[in-house]
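Start with the structure itself.

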2 protein chains.
Amino acid sequence: MKVDFWFSELQNEDVKFGVRVKSHLFSKESKYQKIDIFDTEFFGRVMVLDGCFMITEKDEYMYQEMLTHPAMVSHPNPRNVLIIGGGDGGVAREVLRYPVESVDLVEIDEDVIAASKAYLPKIAVSFEDSRLKVHNMDAFEFVDTDKSYDIILVDSTDPIGFAASLFSDVFYMKAQKLLKGNGIIATQSGSPFMNPDFIKKAHRGLKGHFSNIRPYLSFVPTYPSGMWSYIMASNSPIEIRGKFKGRYVNSEIYQSCFALPEFVKKILES
Amino acid sequence: MKVDFWFSELQNEDVKFGVRVKSHLFSKESKYQKIDIFDTEFFGRVMVLDGCFMITEKDEYMYQEMLTHPAMVSHPNPRNVLIIGGGDGGVAREVLRYPVESVDLVEIDEDVIAASKAYLPKIAVSFEDSRLKVHNMDAFEFVDTDKSYDIILVDSTDPIGFAASLFSDVFYMKAQKLLKGNGIIATQSGSPFMNPDFIKKAHRGLKGHFSNIRPYLSFVPTYPSGMWSYIMASNSPIEIRGKFKGRYVNSEIYQSCFALPEFVKKILES
């Protein structure tokens with residue numbers, strides 16, 4: 001029997017998205033945020049940070065694949081990859097499908113990693129791969145490292161609170177210095193429909209440090225509005241070279257994801 | 001002051017989408033369905049049929065444009081258009097942006113038209129155009145007419161209850177007979193993520209009567225999952241010819257909307 005037990009995300013103060021819960025598996029106030037894991041009827045297990053859906057077992061691949069693969073297949077030979085955030089392990093899982101040498105994952109909140117390992121093993125599977133090194137620190141500090149990377153993927157929470165620095169001009173400047181000459185950075189940039197200021201700010205910030213900027217979109221049903229945006233940026237030309245096929249991505253998606261509806265183009269031009 | 005007053009659509013028994021309501025403007029049990037109009041904080045006025053969002057002022061253009069324009073710009077000279085359903089008037093509004101001769105709109109529920117005229121005047125504006133003729137009857141009967149059309153647009157509710165016949169094999173056969181040789185039919189086919197059986201059934205049904213079938217997708221934030229599907233079908237080749245630009249559609253969208261994520265391709269192949 002199903003009981004009347006729901007978790008809802010307040011997507012803004014006037015819009016909410018609710019899922020029927022089977023059980024509340026985990027809850028913790030970490031040093032940085034409230035972490036919850038629910039088992040839900042429709043979406044399977046879900047991870048919620050500060051009341052916002054981060055991952056559901058049913059649709060996580062749409063986001064993880066679309067943050068990761070467009071950049072990976074646009075690079076001729078990605079060997080060294082930096083993931084900012086991504087403590088659930090999902091983006092790392094996608095990166096590790098390629099013959100990379102090393103992946104540095106910089107997650108400030110070790111409790112997110114622990115929760116993912118305990119409750120989302122299919123997503124956290126990447127933590128068993130010896131090519132992956134976890135750095136439990138603030139990414140804004142990590143980017144002062146003297147390492148260099150082919151790909152940087154910014155899989156952070158939205159630019160409010162402790163993650164705000166990851167969308168700042170200084171961060172983009174530091175990220176640009178970390179990238180090799182033909183390196184590519186990709187960041188999530190929120191829902192253009194619900195939060196147009198986010199993509200506008202990220203777009204403007206990246207434009208200050210990179211000559212090639214390519215915003216793109218994908219469906220993510222459990223993120224606000226179901227329309228999610230990302231931006232790839234590089235100081236070399238960005239062209240799709242690879243053909244990696246996933247559960248969401250394929251060659252047609254790599255070509256088409258850059259097509260922006262007219263209202264999104266207007267946001268970026270404004 | 002905002003009060004704790006919400007309308008939620010149960011997208012299925014385990015998922016709901018809620019919007020904060022300013023006021024409940026209209027409610028009626030028509031002969032066919034329950035019709036509600038709410039004024040909401042985020043989405044403006046919304047029309048709800050049997051508990052499901054049909055239209056919101058904030059995102060209606062995404063659906064109306066994407067059901068209408070891909071077919072219209074794929075036809076060399078669309079003169080006579082048939083709209084099945086569409087009693088709110090939004091699809092007709094989009095069709096009437098072209099120099100068409102006549103638009104027949106077949107809406108079974110006259111109360112939907114009346115509610116749209118009273119509460120959604122920017123959408124119902126099409127009813128003032130003399131090229132539009134409203135037929136207040138069951139579309140399944142209307143399609144026995146001996147008229148013929150360049151374009152048929154199926155803007156119906158989902159294939160349950162009284163609208164089920166509009167996705168039947170017999171309906172597609174009759175629709176095919178109504179189309180001129182180079183005519184095109186386009187139908188909405190639901191959310192592949194939430195309801196894969198719907199697009200699968202529509203795809204299979206259309207394949208029985210048309211040689212060219214082109215499924216495509218758009219974002220619609222207030223429809224379940226935010227990912228909505230449509231299918232165009234014709235017995236002539238379908239190629240984009242026009243460049244009509246709207247608030248959502250543009251030349252890039254016409255090219256890219258046919259790219260299907262891998263999981264959607266799998267649904268259609270299964």
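Gly18(A) stands opposite Lys16(B) in β2(B). β2(A) and β2(B) run antiparallel and are joined by five bridges. Two strands pair if DSSP finds at least two bridges between them. Strands are DSSP runs of E with at least two residues, helices runs of H or I with at least four, numbered from the N terminus.

This is a predicted model: local features need pLDDT of at least 70, side-chain atom pairs count only at pLDDT 80 or more, and totals for chains, interfaces and linings use all residues. Residues are numbered from 1 along each chain as its sequence is written, while chains are lettered from A and ligands numbered from 1 in the order in which they are written.

**The interface.** In total, 31 residues of chain A are in contact with 31 residues of chain B; contact requires C-beta atoms, placed from the backbone, within 7 Å. On the chain A side, β2(A) gives the most, with six residues.

Asp14(B) lies in the loop between β1 and β2 of chain B. Leaving aside neighbours within four places in sequence, Asp14(B) is in contact with Val19(A), Arg20(A), Glu41(A) and Phe42(A).

**The sheet.** Chain B has an open sheet of seven strands, with mixed pairing, in the order β8-β7-β6-β9-β10-β12-β11. β8 and β11 of chain B each have a single partner strand, so one side of each is left without a neighbour in the sheet. Asp104(B) stands opposite Lys133(B) in β8(B).

| Strand pair | Sense | Bridges |
|---|---|---|
| β2(A) and β2(B) | antiparallel | five bridges |
| β7(B) and β8(B) | parallel | four bridges |

Terms used
Two residues are in contact if their C-beta atoms, placed from the backbone, lie within 7 Å.
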